[in-house]
Amino acid sequence: MSGSDIAGLIAAGVFAILVALLAVPIIKLGKVFDELRNSIKDISDGTTPLIGEVANTVATTNDQLKKVDAITSNVSDASANVSALSSLVAATVGKPLIKVAAFTSGVKAAMNANASGKGRRSR
């Protein structure tokens, strides 16, 4: 063997050691990627049922909101009816009640005037 052959063998040995040293971080990086893939799979497997539950919850909430909307419209109708009834009672009972109160006040004033002697004289 010549000197160049020995130098070539040494260079090949150093290159093999360098490749071996660089292979260790690459293998570790591959393990990190495997763990990352497993974590993403676990998250995906856990998220899928949650999305189904959220969709079910939203559907149930929409049903409840429809019921609340119906109740709100019924309450609105009832308050409009009460307002109309109040106006009707005020118009029907209010004016005659005012007339009765005025008549009673007039009769009271006339009786007070007669009792004190300052009323009209008879002829």
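Asp34 is partly exposed, its relative accessible area being 35%. This value, like the others reported here, was computed from a predicted model. Arg37 has a relative accessibility of 54% and is classed as exposed, because the cut-off for that class is over 50%. The side chains of Asp34 and Arg37 meet in a salt bridge, with a distance of 3.3 Å from N to O. In general, side chains of opposite charge can pair when their charged atoms come close. Asp34 and Arg37 both belong to helix α1, which covers residues 3-116. Because these two residues are three positions apart in the helix, about one helical turn separates them. The structure holds one salt bridge in total.

Along the principal axes, the C-alpha atoms fill a box of roughly 170 × 30 × 15 Å. The separation of two residues within the chain may be given as an example. Leu29 and Gly52 lie 23 residues apart along the chain, and their C-alpha atoms are separated by 35 Å. Leu29 is located in helix α1. With a relative accessible area of 45%, Leu29 counts as partly exposed, since this value falls between the limits of 20% and 50%.

Of its 123 residues, 0% count as buried. The accessible surface amounts to about 10,900 Å², and carbon and sulfur atoms account for 68% of this area. A nonpolar patch on the surface is formed by Met1, Ile6, Leu9, Ile10 and Val14. Together, these five residues have about 550 Å² of accessible area. Met1, one of the members of the patch, is found in the segment before α1. Its relative accessibility is 76%, so Met1 counts as exposed.

The protein carries 13 positive and 9 negative charges. The mean position of the positive charges and that of the negative charges are 47 Å apart.

Note on methods: Residues numbered from 1 in each chain as written. Predicted model: local features only at pLDDT ≥ 70, side-chain atom pairs only at ≥ 80, totals over all residues. Heavy atoms only, no water. Salt bridge = Lys/Arg side-chain N within 4 Å of Asp/Glu carboxyl O. Helix = DSSP H or I, 4+ residues; strand = E, 2+ residues; numbered from the N terminus. Buried < 20%, exposed > 50% of the residue type's maximum accessible area, 1.4 Å probe, protein only. Patch = residues over 30% accessible without salt bridge, like charges linked within 9 Å, V, L, I, M, F, W, Y side chains within 5 Å. Areas by Shrake-Rupley, 256 points an atom, 1.4 Å probe, with all protein chains shown as cover. Lys, Arg positive; Asp, Glu negative; His and termini not counted. Charge placed at Lys NZ, Arg CZ, Asp CG, Glu CD.
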